[in-house]
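Student: I would like to go through the terms used for this model one at a time, and to hear in each case how the value leads to the word.

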Amino acid sequence: MAAVALIALDRVSFGYNGHPVLSEVSLEVAAGEFLALVGPNGGGKTTLLKLILGLLMPQQGRVLVFGRPPAKARGRMGYLPQHAYLDPSFPVTVLEVVLMGRLGPRAGLGLWSRGDRQAALQALEQVQAAHLAGRGFAELSGGQRQRVLIARALAASPELLLLDEPTAGVDPRGEEDVLGLLAALQPRVTVLMVTHDLHFVSAYVNQVVCVNRRVALHPTQEVDDQLIADLYGRPMRMVRHDQHLEGGECFHG
Amino acid sequence: MAEFLAALSQHAFLQQALLAGLLASLACGVIGAYVVVRRISYLAGAIAHSVLGGMGLARYLAVTQGWAWLHPLYGAVAAALAAALVVGLVTLKARQREDTIIGAIWAVGMAVGVLFIAATPGYDVELMSYLFGNILMVTPANLWLMLGLDLLALAVAFVFHNQLLAVCFDEEFARLRGVNSNLYFLLLLALTALTVVLLSTVVGIILVIALLTLPAAIAANYARRLWQIMALAVLISMAFTTGGLALSYGPDLPAGAVIIVLAGAAYLLVSAGRWLFRRA
């Protein structure tokens, strides 16, 4: 292999209490990609993200990000956690939430610097939420919160963005806005995004990663009804886009 | 009330009591707000009750070894910090039986204190004032120690506010940003321990938990930023300690208990008011 892959998983296995969630997963992602992670609930999508972030340690195999162990590469990653695990009544303003994205091992002691505040406001502008800066996080709608948390992930100008269901709780128009925003970050930022609605996403992403204990990488062109049916165990409606779709299966054998 | 004001201008012990209440309120409002938003009042309760062990040991050593300088408050600070460390490590490491272990620390700390007090020669009149506080017994030396603890807690809370806020709001994300979440969680418990000691001089270790949490819980209804809750909680706590002291003076009631009942009544009123307001 000539260039070092941005993300490299080598035969990674992980399970909770002896129940395997991912087994023997290998995956390489090049810089500048926009990937969607799809698969059934419990299939290991969030676990895969957390392994890449170094929040979980592989029980077997090896994860490298930017050629280094994940914990050493965290400063270059941005992360949007799964919707709705935060305390919805926590007393914090939107700007304060986004500023958390500027924290570092030694950054953010005492009062925030003007540079940090400006970077946070810029991140809010990127998600068209600058007008919310002074509002309480608890007062926002689900879609607004999601935008603010994306801004938090963007606040430190990451080179790799990992998003766990960024469009959950967002209305369809807002969903297109969010996806357009992520697409606009290409190719400067590599994006990995867990999603449920493949039909929306396939117009934006260039690869689809199917995650269901194992992992299979597909160019978007291969994504079709058969793949979705294999993945979820039943057919699902999918909006077709202008690109030509060919037959293919998510997992062979 | 007029009687209280007249007595206040005459008696130094009453002025010291008032000052003790105001000093304790500073840390109470600031650290209490963290305790409320991070939902760790149960951990604060365990730390508070463990303090009796330290107070009992210090008292025992002071009497039996003749170490007159060893005031129970020093024992309280040491025991509170040790309990904070143990409680914190249990919370971080032993997720399965966490509540069982915390509850045990709670009771064992008290039991150790009771044993030391029983073994100490002389009358054990001290026990009641450790448990329920005796704000009228505060000495100028106590006040200096309280001021020191206050300044320490407030300075640490100010310098690390952004980190503590992030760890309370989203521990996982903070960790990803290179913030040592576990360390800051332990720091927060250590600050809680110092605050518990401060408040225990006012209302005693059994009643601490209400005074630590109720002002911040009331303030949280009226503010949407953490520092605003802190500032408001400081004022509310000052009102409770001062009001409780004044109300208890005339009829000669225990000040600590009156302060707590006052805080509980205020919380109930505010909650009921909000409930009615929302239905209207």
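Student: What makes Ala76(B) count as buried?

Tutor: In this predicted model, the relative accessibility of Ala76(B) is 0%, and since buried means under 20% relative accessible area, the residue counts as buried. Ala76(B) lies in helix α4 (residues 72-93) of chain B, and, leaving aside its neighbours within four places in sequence, it is in contact with Val51(B), Gly54(B), Met55(B) and Val197(B).

Student: Which helix does α4(B) meet through residues such as Ala76(B) and Val77(B), and how is the crossing described?

Tutor: Residues of α4(B), among them Ala76(B), Val77(B) and Ala80(B), meet residues of α10(B), including Leu194(B) and Val197(B). The axes of α4(B) and helix α10 (residues 181-203) of chain B come within 8 Å and cross at roughly 145°, and the crossing is right-handed. The residues of this contact divide into 17 nonpolar, 4 polar and no charged.

Student: Why are α2(B) and α7(B) called roughly parallel?

Tutor: The axes of helix α2 (residues 12-38) of chain B and helix α7 (residues 140-159) of chain B cross at roughly 20° and come within 10 Å. Angles under 35 degrees count as roughly parallel, and the two helices are therefore described in that way. Their crossing is left-handed.

Student: What kinds of residue make up the contact of α2(B) with α7(B)?

Tutor: Among the residues of α2(B) in this contact are Gln16(B), Leu19(B) and Tyr34(B), while those of α7(B) include Leu143(B), Asp150(B) and Ala157(B). The residues of the contact divide into 16 nonpolar, 1 polar and 1 charged.

Student: Turning to aromatic rings, how many pairs are there over all chains, and why is the pair of Phe14(A) and Tyr16(A) called edge-to-face?

Tutor: The count comes to 8 aromatic pairs over all chains. For Phe14(A) and Tyr16(A), the ring centres are 5.0 Å apart and the planes stand at 80°; rings pair if their centres lie within 6.5 Å, and planes over 60 degrees apart count as edge-to-face, so this pair is edge-to-face. Elsewhere, Phe90(A), Phe137(A) and Phe169(B) form one aromatic cluster.

Notes:
Residues are numbered from 1 along each chain as its sequence is written. Chains are lettered from A and ligands numbered from 1 in the order in which they are written. This is a predicted model: local features need pLDDT of at least 70, side-chain atom pairs count only at pLDDT 80 or more; totals for chains, interfaces and linings use all residues. Side-chain values use heavy atoms; hydrogens and water are left out. Axes are lines fitted to C-alpha atoms, for helices over the stretch in contact, and angles run from 0 to 180 degrees between N-to-C directions. Helices (H or I, at least four residues) and strands (E, at least two) are DSSP runs, numbered from the N terminus. Angles under 35 degrees count as roughly parallel, over 145 as roughly antiparallel, 65 to 115 as roughly perpendicular and the rest as oblique. A crossing is left-handed if the near helix is turned anticlockwise from the far one by less than a right angle, and right-handed if clockwise. Contact means heavy atoms within 4.5 Å. Ala, Val, Leu, Ile, Met, Phe, Trp, Tyr, Cys and Pro count as nonpolar, Asp, Glu, Lys and Arg as charged, and the others, Gly among them, as polar. Rings of Phe, Tyr and Trp (its six-membered ring) pair if their centres lie within 6.5 Å; planes under 30 degrees apart count as stacked, over 60 as edge-to-face and the rest as tilted. Buried means under 20% relative accessible area, exposed over 50%, partly exposed in between (1.4 Å probe, protein chains only).
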